[in-house]
Amino acid sequence: MMEESTGNFSASRNVYDWYQTQTQVIINVMIKNLTESNVTVRLIDETLDVACNLADGSLFNLHFNLFKPIYVSESSWNVTPSKLEIKLKKTDKKRWQSLEVIPERGAKRTCTPLELENSQVS
C-alpha cells in the first residue's frame with residue numbers, strides 16, 4: 001500500500017487530516033497499530049516526509065510541501081494506538097490557507113533533511 005500527497009490534498013485516499021492553532025499545525029495520520037520504531041518523520045523548513053512500515057509488510061509514504069516554514073527543532077510527533085500525530089511549530093502566528101503548496105517548477109531545495117529520531121523534540 002502506497003499513498004503519497006501530490007499537493008493540496010490530492011492523494012487518492014485521505015488517511016490524514018489537519019487543523020491549526022495560532023502556534024501549531026497538527027496533522028493526524030489515521031493508521032492503527034503503529035509503533036515508534038515503524039515510523040520515520042523527516043522535516044525541512046517547508047517539507048514534511050512520513051514513512052510508516054505497516055504490519056502487513058507494506059510501506060506507507062506521505063510527502064508535503066508545507067504552506068509556510070516551520071521550526072523543526074520545536075516540532076514533534078507521537079504514535080498512539082489509532083494514529084500518528086505530528087505537531088509542527090509555526091514560525092509566525094498567521095493562519096495557513098492550506099496545509100501545503102505545489103512548488104514552482106524548477107525550484108530546488110538546498111536544505112539537508114533532519115530526521116527526528118524520537119517522538120518529542122525539545
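Here are a few questions and answers about this predicted model.

Residues are numbered from 1 along each chain as its sequence is written. Local features need pLDDT of at least 70 and side-chain atom pairs 80 or more, while totals for chains, interfaces and linings use all residues, and side-chain values use heavy atoms, leaving out hydrogens and water.

Me: Which residue forms a salt bridge with Asp92?
Reply: A salt bridge needs a side-chain nitrogen of Lys or Arg within 4 Å of a carboxyl oxygen of Asp or Glu, and the whole structure has 1. Asp92's closest N and O atoms to its partner are 3.6 Å apart, and that partner is Lys68.

Me: Is Lys68 buried or exposed?
Reply: Buried means under 20% relative accessible area, exposed over 50%, and partly exposed in between (1.4 Å probe, protein chains only). Asp92, at 27%, is partly exposed. Lys68 has 17%, so Lys68 counts as buried.

Me: What is the strand order in the open sheet of 4 strands?
Reply: Strands pair if DSSP finds at least two bridges between them, and S1 and S2 are joined by 5. The edge strands, pairing on one side only, are S1 and S6. With antiparallel pairing, the order is S1-S2-S7-S6.

How values were computed:
Helix = DSSP H or I, 4+ residues; strand = E, 2+ residues; numbered from the N terminus.
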